[in-house]
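Trainee: I have not looked at this one before. Can you put it up and take me through it?
Mentor: Here it is.

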Amino acid sequence: MQEIDELNGRFAIEGVAKIVAGQGNLPMVSISTPMAESDIYLHGAQVTSWRPAGGDDAIFLSKHSRFEEGKAIRGGIPICFPWFRAKADNPQAPSHGFVRTKSWTLDAITMEQDSVIVSLSTGSDEQSRLWWLHDFRLVHRVTVGAELTLELIATNTGSSSFRFEEALHTYHQVGDAAKINVAGLDGVHFLDNTDANREKVQHGDVVMTQPIDNAYLNTGSTLELIDPVLHRRIRIAKENSLTTVVWNPWESGAKALADLGDDEWRQFACVEASNILSCAVTLGPGESRMITAKISVVPS
């Protein structure tokens, strides 16, 4: 494929990073170092795999996911922008915004000590203005190493202010969603989207016993996803993120999703750095803001 050959000619690092035809023949950056392996699609600038050395994949990807232009990849780390869930003033707009189904531009692949840094970008165009009139540029910088670092930088390239929501919608691979705990949210107020967005308070660790779709508000705390089946803890640290979303559709919700296997809900838990609802971000002309998530795996 000419595009892939051209990208390799510009960006490949021999023995470390190359661009290959991924599923659906979509271009994918494949990274392999002594510290970790990872796959990143240009489609949605989406990480679909991160395997730290000596461990299992920390990222879930559905076996039923679509890899098609204009379709979202189920699993991995989708980027939600400039709204989360349905668009408040237009239910016909694509869920979670439009950048997760766009092909992003690969800007750079570099090495820094033992890590590989992949930078991708996208911005406003005729298609985006069908749904959202503002001018913007997004850069997604992914650092693959002993930990996985995601940096999403939003810039207002227009002449008027705008307000947006964003999320790094991470599907963490787990042994059994019904047996995990998420620590670090005790005492935090949240909105329960399975119960008409009623405000509640978290008591102790988050456990999953039914469909869960909670938006934890005004919290920047580091979290631990404790997995007794895979004998590990996934640590999720974040910066410039005031909300944390915890989501799993459970058995009933999984059956309603064509791109998720009926039993695959057990294999993941979404715990994601975000700025949504009352914590949405406002950017003036020329302003930029970065949200960061750092994921690490600790054996237990």
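**Aromatic rings, sheet and backbone**

Mentor: One aromatic cluster is formed by Phe81, Trp83, Phe98, Trp132, Phe136, Phe162 and Phe164. Rings of Phe, Tyr and Trp (its six-membered ring) pair if their centres lie within 6.5 Å; planes under 30 degrees apart count as stacked, over 60 as edge-to-face and the rest as tilted.
Trainee: What should I know about the model and the values?
Mentor: This is a predicted model, where local features need pLDDT of at least 70 and side-chain atom pairs count only at pLDDT 80 or more, while totals for chains, interfaces and linings use all residues. Residues are numbered from 1 along each chain as its sequence is written, and side-chain values use heavy atoms, with hydrogens and water left out.
Trainee: Which residue lies over the face of Trp83?
Mentor: Lys87 does, at 5.3 Å from the ring centre. A charge sits over a ring if NZ of Lys or CZ of Arg is within 6 Å of the ring centre and within 35 degrees of the ring normal.
Trainee: How many aromatic pairs are there?
Mentor: The count is 16 aromatic pairs. One of them is Phe190 with Tyr216, a tilted pair at 4.9 Å centre to centre and 40 degrees between the planes. Phe190 lies in strand S14 (residues 189-192) and Tyr216 in strand S17 (residues 212-216), so the pair ties together parts 26 residues apart in sequence. Helices (H or I, at least four residues) and strands (E, at least two) are DSSP runs, numbered from the N terminus.
Trainee: Is Tyr216 buried or exposed?
Mentor: Tyr216 is buried, with a relative accessible area of 0%, and Phe190 is buried at 7%. Buried means under 20% relative accessible area, exposed over 50%, partly exposed in between (1.4 Å probe, protein chains only).
Trainee: Now the sheet. What order do the strands come in?
Mentor: Nine strands form an open sheet in the order S6-S7-S8-S9-S23-S19-S18-S13-S16, with antiparallel pairing. S6 and strand S16 (206-207) stand at the edges with a single partner strand each, so one side of each has no neighbour in the sheet. Two strands pair if DSSP finds at least two bridges between them.
Trainee: How many bridges join S9 and S23?
Mentor: Strand S9 (residues 148-156) and strand S23 (residues 288-299) pair over eight bridges. Leu152 has Ile291 in S23 as its bridge partner.
Trainee: Where is Glu151, and what does Glu151 touch?
Mentor: Glu151 is in strand S9 and is buried, at 15% relative accessibility. Not counting residues up to four places away in sequence, Glu151 touches Val139, His140, Arg141, Met290, Ile291 and Thr292; contact means heavy atoms within 4.5 Å.
Trainee: Which side chain makes a polar contact with the side chain of Glu151?
Mentor: That of Arg141, at 2.8 Å. A polar contact is a pair of N or O atoms within 3.5 Å; within protein, one must be able to donate a hydrogen and the other to accept it, and residues adjacent in sequence count only if both atoms are side-chain atoms.
Trainee: Last topic, the backbone. Which peptide bond is cis?
Mentor: The bond from Phe81 to Pro82 is cis, with omega near 0 degrees. Pro82 is in the loop between strand S5 (79-80) and strand S6 (105-112).
Trainee: What is phi of His231?
Mentor: Phi of His231 is near 55 degrees, a positive value in a residue other than glycine. His231 counts as exposed, at 51% relative accessibility.
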